[in-house]
Structures are given as C-alpha cells and as structure tokens.
Amino acid sequence: VKDPTAVERANLLNMAKLSIKGLIESALSFGRTLDSDYPPLQQFFVVMEHCLKHGLKVRKSFLSYNKTIWGPLELVEKLYPEAEEIAASVRDLPGLKTPLGRARAWLRLALMQKKMADYLRCLIIQRDLLSEFYEYHALMMEEEGAVIVGLLVGLNVIDANLCVKGEDLDSQVGVIDFSVYLKSDDDIGGKERNVQIAAILDQKNYVEELNRQLNSTVSSLHARVDSLEKSNTKLIEELAIAKNNIIKLQEENHQLRSENTLILMKTQHHLEATKVDVEAELQTYKHSRQGLDEMYNEARRQLREEAQLRQDMENELVVQVSMKHEIELAMKLLEKDIHEKQDTLIGLRQQLDEVKAINMEMYQKLQVSEDAMKEKNEIISRLEDKTNQINAAMKQLEQRLQQAEKAQMEAEAEDEKLKQEYVNKSESLQNEFSQKEKQLLQLETDLKIEKEWRQTLEDDLQKEKETVSHLRTETQEIVNLKKEFLKLQKKNKQLKSICEDQEAALQELASKLSESKLKIEDIKEANKALQGQVWLKDKEATHCKLCEKEFSLSKRKHHCRNCGEIFCNACSDNELPLPSSPKPVRVCDSCHAILIQRCSSNVP
C-alpha cells in the first residue's frame with residue numbers, strides 16, 4: 001500500500017513543475033513585465049502556498065489552533081541577512097492583519113528580488129530548525145522540497161512588477177485551477193515557437209550574466225583608480241617634504257663644519273692645560289688609595305674583634321638559657337611539692353597518727369627549697385653583672401660604628417668630587433681625540449676598582465650594623481629574661497608564705513588533736529571505772545545534782561550516758577571538740593562522758 005503522504009508530495013511536486021513551466025512559457029510569450037493580475041502568476045503563488053503548508057504543525061494559541069506558513073518564512077531573516085529588508089517591509093505594511101497575508105506578501109517580494117530560490121534553499125538546509133514547524137513527512141523536510149527549490153531558480157528569467165500595498169492578501173482563497181494545465185491543439189502547434197523562445201531566453205540570461213561580471217570589474221577598477229590617486233598625492237607631498245629636509249640638512253652640515261674647526265682650535269689649547277691637571281690628579285689619587293687601604297685593614301681588624309665579642313656573648317646567652325630552664329624546673333618542683341602538701345593536709349584530717357612524720361618531711365623539703373632559693377639568688381646576681389658588661393660592650397661598639405660612618409661619609413664625598421671632575425673631562429676628551437680616550441679609560445678602570453673597594457667596605461659596615469642590631473635584640477631578650485625571673489621570685493615568695501601559713505595551721509591542728517586525744521583517753525578510763533552503774537529515771541530526777549535546782553524550759557536536762565547522772569545546762573559547761581562533729585559536745589563533770597539532752601519531766 002502506498003504511503004498517502006508520499007502520494008501528496010508527488011502530486012504537489014508535479015503541480016509545482018507544471019505551474020513553474022507554464023509561468024515561464026507564458027511570460028516569454030507575453031514579452032513584458034508581469035503584473036499581479038496575471039493568471040499564471042496567481043496560480044503559481046497558490047501552488048507555492050500548498051507546498052509550504054504541507055505537513056505544517058498545528059500551533060496552539062489562546063483562542064484557537066493556528067496553522068500558518070509565516071513562522072518558517074520568518075526564520076529566513078536570521079539565516080540570510082539580505083532577507084531582513086523584506087521581513088521589515090512586510091511587517092510595516094498597513095493593510096496586513098493575518099500571518100497568512102504577511103507570508104503571501106513575502107513570497108511576492110522575494111519573486112520581485114529574484115531570490116526566492118536562495119531564501120528557500122537556506123531554509124531547507126537547516127532541517128533542525130524546520131522540525132519545529134513541520135512534521136517529519138512534510139514536503140519541505142524531504143527530497144521533493146530540494147527539487148522545488150531547484151525549479152525556482154528558473155524563475156530568475158521573469159521580471160515581475162507587483163503592487164503589494166493595495167492588495168487584500170488576507171482574504172484571498174487559494175484554489176488551484178487545473179484547466180490551465182490541460183493540453184490543447186494550440187499548444188501542440190506552438191512547440192517550434194517555444195524552442196525559439198527558449199533560445200532567446202538563454203541568450204538573455206547570458207547577456208545578463210555578462211553584464212553582472214562587467215559591473216563587478218568596473219567597480220573594482222574604480223576602487224583601484226581611487227587608491228592610486230590617493231597614493232600619488234601622498235608621494236608628491238612626501239617628495240616636497242624630503243626636498244625641504246635636504247636643503248635644511250645641507251645648511252646644518254655647513255654650520256657643523258665651521259663649528260668643528262672652531263672646536264679643534266679650542267681643544268688643542270685645552271689639551272695642553274689638561275695634561276698638567278691629569279698628572280696632579282693621578283698623584284692625589286695614589287695618596288687617597290693608600291689611605292683607603294689603611295682604613296680597610298683597620299675595619300677588618302675591628303670586625304674580627306667584634307665577631308669574637310659576639311661569640312662570647314652567645315656562649316653567655318646559652319648559659320643563661322640553661323639557668324632559666326633550671327629555674328623553671330625548680331619552680332615546677334615547688335608547685336608539685338605544694339600540691340603534695342595540700343594532699344597531705346587532707347590525709348592528716350583522716351589519719352591523725354601520721355601528723356608528726358609528715359611535718360618532719362615538710363620541714364626537710366622547706367630547708368631544701370631555701371637552699372635552692374639561695375643558689376638562685378646568687379645566679380641572678382651573676383646574671384646582672386653580665387648584663388652590665390654587655391651594655392658597656394654595646395656602647396663601645398656604637399662609638400666604633402659612629403667613627404666608621406664618619407670615615408665612610410668623608411670617603412664618599414671625596415669619591416663624588418673625583419667622579420664629577422673625571423666625568424666632565426672624559427666627555428670632552430672622548431668625543432675629540434683617541435689618545436685621551438685611552439688615558440680616560442685607564443682612569444675609569446681605576447675608579448671602578450676604587451668603587452669596588454668602597455662597596456666592600458660598605459658591605460662590611462652593613463654586616464657590622466647587622467651584628468650590632470642582633471646583639472641589641474639579644475640584650476633585650478636578656479632583659480626580658482630578667483623580668484621573668486623577678487616574676488618567678490615573687491611567685492616563689494607567695495608560695496613560701498602560703499606554705500608557712502599551712503604549716504602553722506598544721507601545728508595548731510596537731511596541738512589540738514593531741515589535747516583531744518588525751519581527753520578521750522581520760523574519758524575511756526572514767527568509763528571503765530563507772531561501768532555497772534544504773535541510769536536514774538527521768539521521773540525521779542527533778543533537781544540538778546550540782547546546783548540542786550528544779551529543771552524547767554530554761555534549765556534543760558543533760559543525761560550522762562556512762563554514769564547515769566543528770567545535770568542542767570548551766571552546770572554542764574565542760575565542752576570537748578571532736579573531729580567527727582562540727583560543734584563541741586558537753587561532757588560529764590564526774591566521768592567526762594558525753595551528755596545527752598533530754599526534755600524536763602514537768603514539760604510535755
């Protein structure tokens with residue numbers, strides 16, 4: 001079964017062939033420019049509309065579905081820059097309201113420009129852009145579209161003069177009239193005439209092509225003539241300028257020759273005077289060179305001495321750093337000892353029997369720390385003496401540096417004077433005579449050697465300054481170390497005072513604990529003696545045993561748990577501190593046992 005879309009494409013291709021062939025033949029027989037009312041031309045535009053509408057995708061709009069050929073034709077503007085004029089003129093036409101009317105106007109303007117084939121060929125090449133508007137089976141997407149574009153090239157023979165502005169292109173009905181393409185007897189008899197017309201058309205096309213080529217060659221020749229005229233005028237101007245320059249240069253040459261003769265006369269007189277000056281300057285240069293050698297030797301000797309001093313200072317610094325580490329270790333040991341002492345305080349509260357042994361150990365550690373502190377004080381005094389010596393050495397170095405800088409300034413001033421004199425004389429002599437140039441070159445080499453010596457001296461002085469700055473930083477570090485050592489001394493004194501306070505508190509605790517221990521032993525002995533006695537009942541005990549007064553709210557009962565005696569709170573004043581209770585307890589006067597407070601018998 002044949003594909004219906006292929007059949008449609010074949011039919012549209014055949015109709016396009018017939019319409020293009022009929023339009024060309026009728027136009028040649030008509031022999032004039034075609035108007036918009038010409039029937040074969042109208043049929044050609046209808047057939048082209050059908051070809052462009054084949055396989056067109058339906059686009060949705062707000063109100064209805066839209067299917068127009070203006071979308072793909074509008075793409076030509078982007079692909080072919082020359083089509084921008086057609087698109088702009090179509091958009092500016094006042095009578096067009098629909099996209100179909102704009103597409104019809106575009107086709108008519110493209111035919112008048114004889115570029116319809118070129119525009120549609122650009123469209124067919126861009127298949128990826130056409131796929132947005134056409135289905136895959138559309139005529140413009142297949143080979144038939146390329147065939148139609150090739151047939152449209154033949155329409156360049158026709159000259160058309162169409163009036164687009166006044167026509168109603170929006171409401172035209174595109175219906176193909178097949179009666180135009182049916183054969184008749186007149187057509188059969190006019191074949192010979194068609195052959196003659198074809199030959200005439202070929203000649204016309206050849207003449208038009210020749211005319212185009214001749215126009216292009218004429219335009220290129222005009223451009224060449226213009227460029228040659230411009231270059232000719234420029235060359236004439238340059239020639240006149242060159243002639244003027246030659247005349248000026250000749251005048252300058254005469255002036256320079258006359259000046260040259262005057263300069264030669266002056267230089268001959270000047271040379272005789274400069275010979276004597278150069279000899280005197282050489283003698284002064286030799287004397288200054290000897291003085292610089294002596295200065296350099298002295299500077300080297302001073303550098304060696306300062307290097308030795310710096311080495312001694314570094315060794316002393318190493319010793320001081322090691323002493324600082326030892327002091328820090330001693331302070332850490334002291335802190336550890338203090339923490340241990342605090343731990344022992346807590347242990348003393350729990351274990352009263354080991355207080356004396358711990359006190360002896362703490363006393364021994366204090367003696368060791370005092371010895372260490374004495375040694376550290378001696379080390380600090382030594383360090384202070386060393387810092388004083390370093391400061392004195394620094395002052396001596398600064399004085400030496402100032403002397404060396406003054407000597408350097410004097411040498412630089414002498415060098416600058418010599419440079420200025422030699423430069424002025426060398427410039428005049430170098431330009432004029434070769435003999436003086438050799439002598440000046442020798443003098444310049446000597447000056448360069450002197451500069452190198454001066455540069456070495458400056459480098460040595462810079463090194464000395466660096467060593468002095470390094471020594472200053474080291475002395476500053478020593479001062480900082482001294483400040484840190486003073487801070488550590490203060491901390492040590494504070495820790496000492498804390499340790500002494502803790503030892504005094506320990507001694508007081510030990511004395512109280514010893515007293516309480518003796519009292520406890522006495523109480524134990526009294527309890528042993530009073531064992532077996534019976535407690536007195538609360539109802540029977542109405543009066544205090546000591547003061548013989550009746551018990552009341554103000555005079556409460558205190559019962560001895562050991563001997564059974566009952567006392568009032570006024571008579572039982574003996575108190576004993578115990579480590580287990582925060583408050584002191586009341587003790588019996590007879591057996592020294594702990595009293596228990598009871599309510600009075602006559603108080604509920």
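Ala, Val, Leu, Ile, Met, Phe, Trp, Tyr, Cys and Pro are counted here as nonpolar, Asp, Glu, Lys and Arg as charged, and the others, Gly among them, as polar. The model described is a predicted one, in which local features need pLDDT of at least 70, side-chain atom pairs count only at pLDDT 80 or more, and totals for chains, interfaces and linings use all residues. Residues are numbered from 1 along each chain as its sequence is written, and side-chain values use heavy atoms, with hydrogens and water left out.

Of its 604 residues, 30% are buried, where buried means under 20% relative accessible area, exposed over 50%, and partly exposed in between (1.4 Å probe, protein chains only). The chain exposes about 40,900 Å², and carbon and sulfur atoms supply 54% of that area, as computed by the Shrake-Rupley method with a 1.4 Å probe; for residues, only the protein chains shown count as cover. Among contacts (heavy atoms within 4.5 Å) between residues at least 6 apart in sequence, 71% join residues at least 24 apart.

Next come the empty spaces. Rolling a probe the size of a water molecule over the atoms shows where empty space is left. On a 1 Å grid over the protein atoms alone, a cavity is a set of points where a 1.4 Å probe fits but cannot get out, while a pocket is an open set with protein on both sides within 12 Å along at least five of seven lines; lining residues have an atom within 4 Å of a point. Grid points are joined across faces, edges and corners, and a volume is the space filled by probe spheres set on the points.

The structure holds 7 cavities of 30 Å³ or more. Two or more lining residues come from each of α10 (191–350), α11 (355–432) and α12 (434–529), and α12 gives the most, with 6 residues. By class, this lining has 7 nonpolar, 2 polar and 4 charged residues.

The second largest cavity contains about 110 Å³ of space. Helices α10, α11 and α12 each supply at least two residues of its lining, which includes Leu334, Lys365 and Cys499. Its classes are 5 nonpolar, 2 polar and 4 charged residues.

Two single residues complete the picture. Threonine 274 is found in helix α10 and counts as buried because its relative accessibility is 6%. The side chain of threonine 274 reaches the backbone oxygen of leucine 271 at 2.7 Å. Histidine 50 lies in helix α2 (residues 39–53) and, at 31% relative accessibility, counts as partly exposed. Not counting residues up to four places away in sequence, histidine 50 touches Leu12, Gly174 and Ile176. The C-alpha atoms of histidine 50 and leucine 12 are separated by 7.6 Å, with the two residues 38 apart along the chain.

Note on methods: Helix = DSSP H or I, 4+ residues; strand = E, 2+ residues; numbered from the N terminus. Polar contact = N/O pair within 3.5 Å; in protein donor to acceptor, adjacent residues only side chain to side chain.
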